[in-house]
Amino acid sequence: MSVFARELAQINPDPRDRRWLFVPYDQLSDAIGPLSREDPKTLGIVLVEAPWKAARRPYHKQKLALILSNLRHFALEQARRGVAVRHVTTTGSYRTALEPLAKELGLLSVMAPAERELRHDLKPLADSRLLEIVPHEGWLTSPEQFDAVEKAGPHWRMDAFYRRVRKETGILMSSGKPEGGKFSFDTSNRQPWRGEPSAPSPPRFRGNPVTDEVGQLIADSFAHHPGKLDLTALPSTKDDAETVWTWAQEQCLEFFGPYEDAMSVRSQGLFHTRISALMNIHRLLPSRVVSDVARMDLPIESKEGFVRQVLGWREFVAHVHRSTDGFRTRIKGYSHHITRLMILANIATLLDVTPRELTDWFWIAYTDAYDWVVEPNVLGMGTFAVGTLMTTKPYVSGAGYIHRMSDYCSACAFDPRTNCPITNLYWAFLGRHKRIFSDNPRLTLPLKALEKRDQARKGRDRAIFEKLRENLTRGEPVHPADLEQL
């Protein structure tokens with residue numbers, strides 16, 4: 001018997017005469033739903049580990065460990081509260097694990113899963129009345145609020161949704177007006193970081209037998225998955241989540257706003273709070289972190305910038321994903337967030353990497369990535385693959401933006417002011433797709449500048465694009481000497 005199974009067996013209460021809930025891997029909280037209201041001694045929960053799910057994509061080892069370790073610790077925490085726990089492992093889908101349990105235990109209830117993939121898997125159980133799906137109480141906004149904004153125009157825009165939600169909730173509002181005099185301080189939050197103030201180091205965690213066992217499971221069963229597993233960087237328990245949030249409030253939030261878009265080789269996260277993975281599995285509740293920040297004595301640029309990310313963008317992309325059925329309908333386009341958007345997604349877009357393949361890579365590579373997160377962010381914003389459905393322009397740039405907002409160029413063989421090929425990729429991208437962008441008012445100035453670029457430079461832009469595509473497809477580096485004769 002495993003360490004976890006033995007510990008659970010020792011504390012698990014009598015399972016008889018209980019109402020049973022299925023708790024998915026991303027709803028690990030007793031502060032929402034029936035677990036927050038009903039007597040623990042009247043409830044039982046079903047928790048499912050599905051190697052089938054873990055093996056569907058080459059998920060990063062750290063992400064697998066985060067989910068499994070938190071799920072097991074949540075099971076122990078609930079058993080200590082008096083909630084009976086049925087923990088099952090299945091080689092098939094969640095549906096195949098839950099169907100016999102529903103027949104044994106009676107009708108199961110579940111809050112509507114955030115991931116479309118899980119909703120689709122469970123639908124036959126709901127249709128057969130073996131599973132009751134109730135609203136997910138972890139979200140801060142409703143589909144009705146989002147749909148009301150949609151009716152105002154043909155495209156979805158986060159700023160309109162965000163302003164409406166701020167007014168309706170009263171968050172960062174005073175006498176009907178936004179605190180600080182405006183709804184967004186985004187233009188104030190674009191400062192590069194030059195080393196001061198010092199960036200904090202994220203918390204580390206002491207191991208425990210349950211987490212260590214999960215680490216061994218990952219090493220034994222998922223050794224072929226990418227990434228390096230670092231258990232000292234893994235928050236596994238409810239207390240660990242509180243430690244991260246305390247650290248974030250004390251060390252990060254004061255300077256989060258001004259340096260929100262900054263990037264540096266000296267600090268991977270700068271003043272970003274690193275709580276998104278914990279929020280997305282509900283070890284930290286979005287409602288709680290927003291209310292905590294709203295009460296804090298912080299510069300308005302940091303306070304509003306943080307609230308906009310959680311109350312605005314996070315909720316917005318989830319609604320877009322729901323409303324488009326995971327971007328399967330309503331598509332009109334062609335085929336730390338700044339590093340992902342303006343470095344990784346930017347370069348991939350400039351190189352014409354397939355948006356779907358890039359999206360799937362983000363899905364497996366990041367601990368906070370789920371379909372409702374990654375598809376809107378990468379398909380919608382990072383690659384502009386769905387056109388103006390939810391953003392107004394492609395987020396692409398040359399070397400100037402990277403040099404201005406980061407110190408990445410300092411260690412590079414290329415000079416951002418003279419020979420960086422990212423600038424050539426930018427102009428080549430506009431040249432290839434100028435017909436698509438010709439009626440986009442936000443690209444009027446870049447397209448006019450493109451027209452003034454002489455034919456020799458345009459030809460070199462295209463040649464550098466082809467050379468970089470060729471080298472990078474083979475996994476080969478590119479050096480300044482490789483491009484000098486182009």
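**Exercise 1.** Is E304 buried or exposed?

*Solution.* A quick word on the ground rules. This is a predicted model, where local features need pLDDT of at least 70, side-chain atom pairs count only at pLDDT 80 or more, and totals for chains, interfaces and linings use all residues. Residues are numbered from 1 along each chain as its sequence is written, and side-chain values use heavy atoms, leaving out hydrogens and water.

Step 1: get the cut-offs. Buried means under 20% relative accessible area, exposed means over 50%, and partly exposed is in between, using a 1.4 Å probe and protein chains only.

Step 2: apply them. E304 has a relative accessible area of 1%, so it is buried.

Step 3: look at its partner. R308 forms a salt bridge with E304, with the closest N and O atoms 2.8 Å apart. A salt bridge here is a side-chain nitrogen of Lys or Arg within 4 Å of a carboxyl oxygen of Asp or Glu. R308 has a relative accessible area of 7%, so R308 is buried too.

Step 4: Helices are DSSP runs (H or I, at least four residues), strands are runs of E (at least two), and both are numbered from the N terminus.

**Exercise 2.** Which parts of the chain does the salt bridge between R283 and E77 link?

*Solution.* Step 1: check the distance. The closest N and O atoms of R283 and E77 are 2.9 Å apart.

Step 1: check burial. R283 and E77 are both buried.

Step 2: zoom out. Searching the whole structure turns up 39 salt bridges. As a reminder, side chains of opposite charge can pair when their charged atoms come close.

**Exercise 3.** How far apart in sequence are the parts that R432 and D352 tie together?

*Solution.* Step 1: find the contact. R432 forms a salt bridge with D352, and their closest N and O atoms are 3.0 Å apart.

Step 1: place the residues. R432 lies in helix α18 and D352 in the loop between α14 (337-350) and α15 (355-365), so this pair ties together parts 80 residues apart in sequence.

Step 2: check accessibility. R432 is partly exposed at 31%, and D352 is partly exposed at 30%.

**Exercise 4.** How many residues of α18 are buried, and what do they pack against?

*Solution.* Step 1: check the helix length. The expected span is 1.5 Å times one less than the number of residues. For the 12 residues of α18 that gives 16 Å, and the end C-alpha atoms are 16 Å apart, which agrees.

Step 1: count. Of the 12 residues in α18, 9 are buried. Among them are W427, F429 and L430.

Step 2: list the neighbours. The buried residues of α18 pack against α14, α17 (399-405), α19 (434-437), α20 (444-452), α21 and α22 (480-483).

**Exercise 5.** At what angle do α18 and α21 cross?

*Solution.* Step 1: read the geometry. The axes of α18 (residues 421-432) and α21 (residues 455-473) come within 8 Å and cross at roughly 110 degrees. Axes are lines fitted to C-alpha atoms, for helices over the stretch in contact, with angles from 0 to 180 degrees between N-to-C directions.

Step 1: classify. That makes α18 roughly perpendicular to α21, a label for angles of 65 to 115 degrees.

Step 2: find who touches. Contact means heavy atoms within 4.5 Å. On the α18 side the residues include L425 and W427, and on the α21 side they include I464 and F465.

**Exercise 6.** Which residues does I402 contact, beyond its neighbours within four places in sequence?

Step 1: list the contacts. I402 meets M342, I343, Y408, C409 and I422.

Conventions. Angles under 35 degrees count as roughly parallel, over 145 as roughly antiparallel, 65 to 115 as roughly perpendicular and the rest as oblique.
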